[in-house]
Amino acid sequence: MTDFSKVLKQAKDMQNKMKETQESLKKIKVEGISGGGSIKVCLNGDGELIKLYISPETMKENKEILEDLIIAAHSDAKQKVKTKASEELLKITG
């Protein structure tokens with residue numbers, strides 16, 4: 001019966017570790033950049049857009065260029081979120 005107790009304890013410990021991991025991932029913030037820094041996008045660990053910067057000079061560009069630069073900055077940030085999340089998971093899981 002003690003083996004079953006150990007299994008339950010390990011499952012509970014794993015569940016707590018997963019909650020900690022999810023909380024730490026939410027705190028991640030990364031910045032994606034495009035256009036030589038004229039567009040900056042900040043995402044959190046959930047991939048939510050939390051900040052957007054567009055330089056005044058870039059606002060003078062045509063609509064299609066501006067859209068492409070925003071998409072590129074978002075893609076850059078999203079890749080960084082994936083990398084940072086992987087690093088955090090490795091730290092926690094060992």
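Ser-38 first. Setting aside residues up to four places away in sequence, Ser-38 touches Tyr-53, Ile-54, Ser-55, Thr-58 and Leu-69. Keep in mind that this is a predicted model.

Where does Ser-38 sit? Its place is in the loop between strand E1, residues 29–34, and strand E2. Is Ser-38 buried or exposed? Its relative accessibility is 12%. The cut-off for buried is under 20%, so Ser-38 counts as buried.

The side chain of Ser-38 reaches the backbone oxygen of Gly-35, at 2.9 Å.

Next, Asn-44. This residue lies in strand E2, which covers residues 39–44. Its relative accessible area is 10%, so Asn-44 is buried.

What does the side chain of Asn-44 reach? The backbone nitrogen of Asp-46, at 2.9 Å. The one of Ser-38 goes to a backbone oxygen. The one of Asn-44 goes to a backbone nitrogen.

And the neighbours of Asn-44? Again, leave out residues up to four places away in sequence. Asn-44 then touches Lys-26, Ile-28, Lys-29, Ile-50 and Val-81. Lys-29 is in that list, and residue 29 belongs to strand E1.

Let's step back to the whole chain. How many helices and strands does it have? Two helices and three strands. Read along the sequence, the pattern is α-β-β-β-α.

Along the principal axes, the C-alpha atoms fill roughly 70 × 20 × 15 Å.

How much of the chain is buried? Of the 94 residues, 23% are. Ser-38 is one of the buried residues, and Asn-44 is another.

On to contacts across the sequence. Take those between residues at least 6 apart. Of these, 46% join residues at least 24 apart.

Then the surface. The accessible surface comes to about 7000 Å². Carbon and sulfur atoms account for 57% of that.

Last, charge. The chain has 17 positive and 15 negative charges. How far apart are their mean positions? They are 7 Å apart.

To recap the two residues. Ser-38 is a buried loop residue, at 12%. Asn-44 is a buried strand residue, at 10%. Both sit in a chain with the pattern α-β-β-β-α.

Note on methods
Residues are numbered from 1 along each chain as its sequence is written. This is a predicted model: local features need pLDDT of at least 70, side-chain atom pairs count only at pLDDT 80 or more; totals for chains, interfaces and linings use all residues. Side-chain values use heavy atoms; hydrogens and water are left out. Helices (H or I, at least four residues) and strands (E, at least two) are DSSP runs, numbered from the N terminus. Buried means under 20% relative accessible area, exposed over 50%, partly exposed in between (1.4 Å probe, protein chains only). A polar contact is a pair of N or O atoms within 3.5 Å; within protein, one must be able to donate a hydrogen and the other to accept it, and residues adjacent in sequence count only if both atoms are side-chain atoms. Contact means heavy atoms within 4.5 Å. Accessible areas come from the Shrake-Rupley method with a 1.4 Å probe; for residues, only the protein chains shown count as cover. Lys and Arg count as positive and Asp and Glu as negative; His and the chain ends are not counted. The place of a charge is taken as NZ of Lys, CZ of Arg, CG of Asp or CD of Glu.
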